[in-house]
Amino acid sequence: MNPSTALATVIVDELIRGGVREAVLCPGSRNAPLSFALHQADTDGRLRLHVRIDERTAGFLALGLSKASGQPVPVMTTSGTAAVNLHPAVVEADYSRVRLVVLTADRPAEMHGTGANQTIDQTNLYGRSVRFFAGVNDSLTVAEWRKAVAHALGQGHSGPIHLNVAFREPLLPDGDPTWPEPLDIDIERTQTGTATWGYTAFEAGGRTAVVAGDQSLADARGLAEAGGWPLLAEPSSGHRAGPNALAVYRLLLDHLGADIERVVVAGRPTLSRAVSRLLARDDIEVVRLRDEPRTPAVRGRSEDDTWLRRWQDTDAAARKAIAAVVSAEPLTGLSVAQVVARAVPADGLLVAGSSSPVRDLDLADPWDEPPLVLANRGASGIDGTVSTAVGAALAHGGPSYGLMGDLTVLHDSTGLVIGPDEPRPDLTIVVINDNGGGLFAVLEQGAPEHAAVFERLFGTPHGVDFTTLCAATGTSYALIDTASELTRALAPSEGLRVLEVRTDRTSTRDLHDRLAAAVAAAV
């Protein structure tokens with residue numbers, strides 16, 4: 001067997017030994033050995049292969065597969081700018097601690113520095129964004145090939161890793177089954193250690209609030225309920241449920257936040273400036289929980305629930321005030337998010353786009369039991385969200401939804417390009433189309449004094465016809481006009497489809513001002 005075929009076969013075999021069951025591939029010449037090895041593994045039923053023509057899309061597809069499954073997922077590309085296009089997904093995987101396995105094909109060492117086509121320096125290409133990097137080539141032994149992959153998969157901490165694999169021609173199988181060395185070589189594998197809980201028990205009572213940020217492993221909900229404390233949980237925390245979870249906490253902090261004495265933080269809060277200001281205060285105690293799936297102990301639970309009831313009653317009054325404002329409006333991003341939140345069952349999946357959708361979802365009512373809610377809040381970019389949702393839906397297997405803005409979908413429209421032989425998700429993507437950047441309308445640049453330049457610099461109207469876009473990619477499409485129509489359309493269905501809801505962002509700033517005023521009056 002030629003060296004490149006042998007190297008690729010060993011790599012794929014060791015990935016499977018390490019728990020890989022999904023793999024993403026982009027077509028190329030230099031990574032052809034991996035392509036053939038992956039196809040054979042897919043044919044043999046050892047893993048499921050997903051092929052994509054866009055490397056950035058492929059990276060986020062692998063990210064979504066890994067986020068929803070919790071398992072390592074490799075994405076493999078050819079050399080050159082193909083590898084560079086994975087960098088956004090690598091950065092997101094870094095900050096959101098996702099087990100993305102990047103395998104980039106490369107030219108052999110003797111071709112570097114010679115002007116060889118599609119040859120760039122790929123050593124440590126992603127810098128400090130990866131937990132582990134290794135260069136692999138055919139000068140190593142089979143045991144060393146396997147050890148490099150096993151070591152990368154067994155680091156004991158979440159996050160992306162990078163293997164840069166140099167392949168020398170010939171790049172295609174030559175029909176020779178002879179192996180240079182036996183495959184059944186024992187190698188030492190790195191074991192994932194078990195960390196211990198690093199906090200003593202909390203004392204119940206007191207003016208404590210529990211904040212649950214993105215992907216919180218620590219049981220923020222259990223802690224809040226055990227301590228009798230209000231729970232300020234972001235949608236993608238996994239803990240936005242139960243009687244202590246508040247719907248509109250970020251609008252309440254200006255009214256009740258001054259009385260907080262201690263904040264216990266789980267996960268990584270990213271959504272709210274009000275929460276960021278709270279955590280930056282120097283007059284309160286801030287305790288950050290270790291990111292482990294445990295519930296910290298609480299001692300001495302008091303029967304006095306005055307502190308919690310104050311937050312719950314204020315939240316209820318604020319919800320009622322917001323509902324009165326929203327019900328008098330045509331469809332807005334906020335009302336769409338509320339409908340979508342109610343439609344996702346406890347066994348469902350919801351992938352929320354950054355910018356406005358995830359923040360609108362953050363004002364929706366908490367769930368009785370939360371579905372799996374994912375959002376790319378590591379670096380909080382809008383890129384790759386469609387592909388993340390497709391990957392997550394493929395791994396999840398249950399009712400799956402996406403809630404995204406128009407710019408988010410356009411930024412990753414190639415995520416809708418799925419070849420006829422590829423696995424297809426059952427995924428409904430709700431697109432809130434306000435023809436531009438609606439989030440900026442409620443930020444500083446949306447103030448009236450910047451109106452002369454706002455549209456071109458921040459509003460960025462695009463005029464894209466989503467009907468045509470979906471037709472071009474063979475994606476099922478429907479235009480939704482009312483909340484009741486949206487509710488009916490969100491019934492579980494098969495296949496990939498887009499539901500477009502058109503809204504008017506010119507009134508967004510005024511709407512949020514009226515919401516804040518209504519809450520202030522109510523509380």
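Predicted model: local features only at pLDDT ≥ 70, side-chain atom pairs only at ≥ 80, totals over all residues.
Reader: Hi! Let's start with β1. Which way do its residues point, and are they buried or exposed?
Author: Strand β1 covers residues 22–25. E22 and V24 point one way, A23 and L25 point the other way, and all of them are buried.

Reader: OK, and how many bridges join β1 to β2?
Author: Four bridges join β1 to β2, which is made of residues 48–51, and the two strands run parallel. Within that pairing, E22 stands opposite R48.

Reader: What does the chain pass through to get from β1 to β2?
Author: The chain goes through helix α2, residues 32–43, and this β-α-β crossover is right-handed.

Reader: You mentioned α1. At what angle does it cross α6?
Author: The axes of α1 and α6, residues 142–153, cross at roughly 35° and come within 9 Å. The crossing is right-handed.

Reader: Nice. Which residues meet there?
Author: From α1, the residues include L7, V10, I11 and E14, and among those they meet in α6 are W145, R146 and V149.

Reader: Changing topic: in what order do the strands run in the six-strand sheet?
Author: The order is β14-β13-β15-β16-β18-β17, in an open sheet with parallel pairing. The edge strands are β14 (372–374) and β17 (476–480), and each pairs on one side only. On average, neighbouring strands of this sheet are turned by 20° against each other, direction ignored.

Reader: How many bridges hold β13 and β14?
Author: Strand β13, residues 349–352, pairs with β14 over three bridges in the parallel sense. Here L349 stands opposite L372.

Reader: And which strands does α13 lie across?
Author: Helix α13, residues 385–396, lies across β13, β14, β15 (400–405) and β16 (427–433). Its direction is at about 170° to β13.

Reader: What about the other end, β17 and β18? How many bridges there?
Author: Five bridges join β17 to β18, residues 496–502, and the strands run parallel. S476 stands opposite R497 in β18.

Reader: Now the four-strand sheet. What is the strand order in that one?
Author: The four strands form an open sheet in the order β9-β8-β10-β11, with parallel pairing. β9 (231–233) and β11 (285–288) are at the edges with a single partner strand each, so one side of each has no neighbour in the sheet. From one strand to the next, the twist averages 20°.

Reader: Which helix packs on it?
Author: Helix α9, residues 273–280, packs on the sheet and touches β8 (208–212), β10 and β11. The direction of α9 makes about 120° with that of β10.

Reader: How do β10 and β11 pair?
Author: Strand β10, residues 262–266, is joined to β11 by four bridges, and they run parallel. V264 stands opposite V287.

Reader: Why is α11 described as largely enclosed?
Author: Nine of the eleven residues of α11, residues 333–343, are buried, so the helix is largely enclosed by the rest of the structure. The buried residues include L334, V336 and V339.

Reader: Last one: where does S129 lie?
Author: S129 lies in the loop between β4 (100–106) and β5 (132–136). Its relative accessibility is 11%, and buried means under 20%, so S129 counts as buried. Setting aside neighbours within four places in sequence, S129 is in contact with H87, V90, V91, D94 and P160.

Conventions
Residues numbered from 1 in each chain as written. Heavy atoms only, no water. Buried < 20%, exposed > 50% of the residue type's maximum accessible area, 1.4 Å probe, protein only. Pairing = 2+ DSSP bridges. Right-handed = clockwise from strand over helix to strand, strands pointing away. Axes fitted to C-alpha atoms, helices over the stretch in contact; angles between N-to-C directions. Contact = heavy atoms within 4.5 Å. Left-handed = near helix turned anticlockwise from the far one by under 90°.
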